[in-house]
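The entries are in the order in which I checked things.

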Amino acid sequence: MASGARLVILGKQGAGKGTQSVRLSHYLAVPHISTGDMLRAAVKAGTEFGQLAKSYMDSGELIPDDVIMGIVEDRLAEPDASRGFLLDGFPRTAIQAEALDEMIKPHLIDLAIDLDVPTELVLKRLSSRRVCQTCGANYSLEAPPKLNWTCDLCGGEVVQRPDDTEVAIRRRLDLYDKATAPLIEFYSQRNLLVSVDGVGTPDEVMERLVAVVNKARYSRSAQ
Ligand code: AMP
């Protein structure tokens, strides 16, 4: 990989993409661009778009491709993304993946990481997941904040995500299989895919991610 890195992280909801992307983006010094976080910020801001987005998100449906593609294109045009980025939650459909290629032309992404976690485990993780309403930090019933569902980082209220209900979780996993899992093949055919075992402690998974990213960096720079 050249300076910076253009990375995409794939994986089912609950695979740990959010947690690991924050850490990996710090490690690589590139912005973490999470479409889910951007949409939740719009919902919180109460804009007209935010209200529309909320209706899709709460039921586990995907925002229409052209809408989300416009948002990502604008974000990638910001100066901090010129040296690289870590995309989390985008692309989620084949149309979005093709649009991403167009957006970053003449470059390609350096690597698509499939963070692999079995469905039974993500179901368990999603139903116990709790998030800070203010900063988005992740917690769980097993690993709650230190004080009374108040975020350790910013003091915000820690709650269950409205799309972490059983019905919405099932719909999101179903959409993942139908719309997003084919991207594994898309990137694999382009020789850009690497699969990382997402089962383990956050530190263990991060170590694996750093190893595959550094391996890809080394092999690209040796070419
Ligand atoms: P996430 O936090 O990535 O699980 O995203 C939460 C919700 O935001 C998803 O269930 C979708 O409703 C919406 N969303 C996020 N990213 C996308 C995307 N790339 N395409 C369509 N909808 C998206």
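**Entry 1: model.** I am working from a predicted model.

Entry 2: The side chain of Arg 40 has an N or O atom 2.9 Å from an oxygen atom of the ligand. At Gly 89 the backbone is involved: one of its N or O atoms lies 2.8 Å from a nitrogen atom of the ligand. For Arg 161, I read 3.4 Å between a polar side-chain atom and an oxygen atom of the ligand. I then checked how much of the ligand is covered: it exposes 480 Å² when taken alone, and the protein buries 96% of that.

**Entry 3: helix α7.** I turned to α7, which runs over residues 166-180 and has 15 residues. From first C-alpha to last it reaches 20 Å, close to the 21 Å expected at 1.5 Å a residue. Which residues of α7 are buried? I wrote down Ala 168, Ile 169, Arg 172, Leu 173, Leu 175, Tyr 176, Ala 179 and Thr 180. They cover an arc of only 160° around the axis, so they sit on the same side of α7. On the face turned away from that buried side I found the exposed residues Glu 166, Val 167, Asp 177 and Lys 178.

**Entry 4: Asp 110.** I looked up where Asp 110 sits and found it in the loop between α5 (94-104) and β4 (111-116). Is Asp 110 buried or exposed? Its relative accessible area is 10%, which is under the 20% limit, so I count Asp 110 as buried. The side chain of Asp 110 reaches the backbone nitrogen of Arg 6 at 2.6 Å.

**Entry 5: Leu 24.** I placed Leu 24 in helix α1, residues 17-28. Leu 24 has a relative accessible area of 0% and is therefore buried. I also checked Leu 24 against Met 103: the two are 79 residues apart in sequence, and their C-alpha atoms are 23 Å apart in space.

Note on methods: Residues numbered from 1 in each chain as written. Predicted model: local features only at pLDDT ≥ 70, side-chain atom pairs only at ≥ 80, totals over all residues. Heavy atoms only, no water. Helix = DSSP H or I, 4+ residues; strand = E, 2+ residues; numbered from the N terminus. Buried < 20%, exposed > 50% of the residue type's maximum accessible area, 1.4 Å probe, protein only. Polar contact = N/O pair within 3.5 Å; in protein donor to acceptor, adjacent residues only side chain to side chain. Expected span 1.5 Å × (residues − 1). Arc of directions from axis to C-beta. Areas by Shrake-Rupley, 256 points an atom, 1.4 Å probe, with all protein chains shown as cover.
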